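Thanks for coming. I will go through one chain today, starting with the overall layout and ending with a single side chain. Please have a look at the structure first.

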Amino acid sequence: MATDLTRYEDNVSGFFGALPKSLFSCTPCLFCPPETPSAHLFTKGTLEIRRCRCGFIWSAMQPTEEALHRFYSASRAMDDWSEIKDSEKEQRRQREKFGEAVEFLANSHVRSVLDVGC
């Protein structure tokens with residue numbers, strides 16, 4: 001699976017790395033006023049990781065809606081991701097990773113779950 005995941009990651013970084021800077025927008029901290037200073041931590045490809053004075057860490061350069069539309073409609077990466085997620089090895093890994101939480105939720109009276117980010 002590592003080679004499949006590597007191919008997926010290469011497709012994602014290649015796709016976004018080939019986009020012009022105009023298809024990204026710089027986003028401020030989600031919790032503070034937009035003018036709040038933040039520190040640049042590192043850059044990797046199109047990712048610019050920043051830390052706000054409040055402690056929040058985020059990727060400041062976000063693809064625009066047009067960039068995301070191009071990615072989801074024209075990139076091979078999503079086909080690769082589907083193949084990875086459909087593999088027996090990945091399904092087994094997901095069961096090991098989330099099995100206890102799924103069992104807890106299935107056997108409790110929880111009515112909804114909020115999944116924040118990835």
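The chain has four helices and five strands. Keep in mind that this is a predicted model. Read from the N terminus, the order of elements is α-β-β-β-β-β-α-α-α. The radius of gyration is 18 Å, well over the 13 Å that the globule rule gives for 118 residues, so the chain is more spread out than a compact globule. Its C-alpha trace spans about 45 × 35 × 25 Å along the principal axes.

Now some totals. Of the 118 residues in the chain, 20% are buried. The accessible surface comes to about 9,000 Å², and carbon and sulfur atoms hold 56% of that. Among contacts with a separation of 6 or more, 53% are between residues 24 or more positions apart.

In which sense do β2 and β3 pair? Strand β2, residues 38-44, and strand β3, residues 47-52, are antiparallel, with six bridges between them. Ser38 stands opposite Cys52 in β3. Two residues lie between the strands of this hairpin, and Gly45 has a positive phi near 60 degrees there.

Last, a residue from the helical part. Glu90 sits in helix α4, which covers residues 88-106. Is Glu90 buried or exposed? Its relative accessibility is 3%, and the cut-off for buried is under 20%, so Glu90 counts as buried. The Glu90 side chain also makes a polar contact with the side chain of Arg93, at 2.9 Å.

That is where I will stop.

Key: Residues numbered from 1 in each chain as written. Predicted model: local features only at pLDDT ≥ 70, side-chain atom pairs only at ≥ 80, totals over all residues. Heavy atoms only, no water. Buried < 20%, exposed > 50% of the residue type's maximum accessible area, 1.4 Å probe, protein only. Polar contact = N/O pair within 3.5 Å; in protein donor to acceptor, adjacent residues only side chain to side chain. Pairing = 2+ DSSP bridges. Rg over C-alpha atoms; globule rule 2.2 N^0.38 Å. Contact = heavy atoms within 4.5 Å. Areas by Shrake-Rupley, 256 points an atom, 1.4 Å probe, with all protein chains shown as cover.
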